[in-house]
Amino acid sequence: MNVFRSFLTTDELALLLPYLASDGYEPGRQGTGYEKLSLRNTDETQALRKRCLVALGLPEDTGHDAYIVRYPTGTRIPLHKDDAPLASEHHRINCMVLPAERGGELFVSGVPCDLRARDAYTFRPDLEEHEVSEVLAGVRAIFSVGALG
């Protein structure tokens, strides 16, 4: 895992914050209450997506997904790995849009990762176990870009 302090610019953060109040969120696949909003490749986040792919060490034109993931109070993600298709590697960058007021700590391979708004981290979710502790107050939100390599 690599951490990038202040990865998001203040303009990028301002671009992402309105998505927190958007409609169209779906339940996360872990079934623990967090929600995700898929962002189309044609939206205004395209330049940020490219920058995220470069941070992952991938070409700017790599196929990818992009989500806003929102964790309301009382939600969490249990310890897990994300499977990748055979002969593929799953690469992901998560950018902190809004940290929870309390709780919502990230752990990767058992190590806590202290993230502030605008920080980002890259990791291999297919190899590294990861979890987010229960959000005890407030809302935690990330911008997440992932690709198979």
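Which residues have the most contacts inside the largest nonpolar core? The legends below take up this core and then a sheet.

This is a predicted model, in which local features need pLDDT of at least 70, side-chain atom pairs count only at pLDDT 80 or more, and totals for chains, interfaces and linings use all residues. Residues are numbered from 1 along each chain as its sequence is written, and side-chain values use heavy atoms, with hydrogens and water left out.

**View A. The largest nonpolar core has 24 residues.** Phe-7, Leu-16, Cys-52, Ile-68, Ile-93, Cys-95 and Phe-143 have the most contacts inside it. A nonpolar core is a set of buried Ala, Val, Leu, Ile, Met, Phe, Trp, Tyr and Cys residues joined through side-chain atoms within 4.5 Å; buried means under 20% relative accessible area (1.4 Å probe, protein chains only). At least two core residues come from each of α1 (10–16), α2 (46–55), β4 (65–71), β6 (90–98) and β13 (140–148). The most, 4 residues, come from β13. Helices (H or I, at least four residues) and strands (E, at least two) are DSSP runs, numbered from the N terminus.

**View B. Cys-52 is in contact (heavy atoms within 4.5 Å) with Phe-7, Ile-93, Cys-95, Phe-143 and Val-145.** Neighbours of Cys-52 within four places in sequence are left aside. Another core, of 15 residues, lies apart from the largest one and includes Ile-77, Tyr-121, Val-135 and Ile-142.

**View C. An open antiparallel sheet has 4 strands in the order β5-β11-β8-β9.** Its edge strands, β5 (77–80) and β9 (111–113), each pair on one side only; pairing requires at least two DSSP bridges between two strands.

**View D. Strands β5 and β11 (residues 130–132) pair in the antiparallel sense over 2 bridges.** Opposite His-80 stands His-130 of β11.

Methods
Buried means under 20% relative accessible area, exposed over 50%, partly exposed in between (1.4 Å probe, protein chains only).
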